[in-house]
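These are my notebook entries on a single protein chain. I set down what I looked up, entry by entry.

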Amino acid sequence: MRLVSRSVLAVAGVTLLLGCSSSPRFRIDEGTPRRGPSSDSARDRQQGVASYYGKKFHGRATSNGEVFDMYQLTAAHRSLPFGTKVLVKNLKNGREVIVRINDRGPFKLDRIIDLSYAAAKQLEIIGPGTAKVLLKIIN
């Protein structure tokens, strides 16, 4: 009986430890040399597909409580803190924009960020609707 109790405790402990672990939000670019403590923000990168949202949500409350304005340079991200500024680069045409995270999303699993209409327009993704992008945290 004592052997069973120890086995159950061991399995429960391992399960608890595995359940508490989390995967990193951003892939770290290992090829970027460190230049001291202030360069950490330049190393936070994520690559994937961006989409945008506009008229349907214009004037509605965002997840952080502010009113969504499709003409401001804002975005929705699943895990970055509200207020984080992110450089978004369209990998097809090289265009870049800086957005502030003020909402949660995107809700389609194949996407990493939902941009406001204004940000999407600057990146020239209004026509196609989506684009492969690189995100870099700048603050």
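Entry 1, Tyr117. I looked up the accessibility of Tyr117 in this predicted model and found 23% relative accessibility, so I record the residue as partly exposed, the cut-off for buried being under 20%.

My search of the whole structure returned four aromatic pairs. One of them is Tyr53 with Phe57, whose planes are at 75° and whose ring centres are 5.6 Å apart, so I classed this pair as edge-to-face too. Tyr53 is buried, at 11% relative accessibility, whereas Phe57, at 34%, is partly exposed. I also looked for a charge over a ring and found Arg104 over the face of Phe82, 4.2 Å from the ring centre.

Which residues have the most contacts inside the largest nonpolar core? I listed Val86, Val88, Val99, Ile113, Leu115, Val133 and Leu135, in a core of 19 residues. Two or more residues of this core come from each of β4 (85-90), β5 (96-103), β6 (111-116), α2 (117-123) and β7 (130-137). The greatest contribution is that of β7, which gives four residues. As background, I note that nonpolar side chains tend to be buried together in soluble globular proteins.

I looked up the contacts of Val99, setting aside neighbours within four places in sequence. The list comprises Leu73, Thr74, Ala75, Thr84, Lys85, Val86, Val88, Ile113, Leu115 and Ala119.

I counted two helices and seven strands, in the sequence order α-β-β-β-β-β-β-α-β. Of the 139 residues, 35% count as buried. Among contacts with a separation of 6 or more, 67% join residues 24 or more positions apart. The accessible surface is about 9,000 Å², and 56% of it belongs to carbon and sulfur atoms.

Conventions
Residues are numbered from 1 along each chain as its sequence is written. This is a predicted model: local features need pLDDT of at least 70, side-chain atom pairs count only at pLDDT 80 or more; totals for chains, interfaces and linings use all residues. Side-chain values use heavy atoms; hydrogens and water are left out. A nonpolar core is a set of buried Ala, Val, Leu, Ile, Met, Phe, Trp, Tyr and Cys residues joined through side-chain atoms within 4.5 Å. Buried means under 20% relative accessible area, exposed over 50%, partly exposed in between (1.4 Å probe, protein chains only). Contact means heavy atoms within 4.5 Å. Accessible areas come from the Shrake-Rupley method with a 1.4 Å probe; for residues, only the protein chains shown count as cover. Rings of Phe, Tyr and Trp (its six-membered ring) pair if their centres lie within 6.5 Å; planes under 30 degrees apart count as stacked, over 60 as edge-to-face and the rest as tilted. A charge sits over a ring if NZ of Lys or CZ of Arg is within 6 Å of the ring centre and within 35 degrees of the ring normal.
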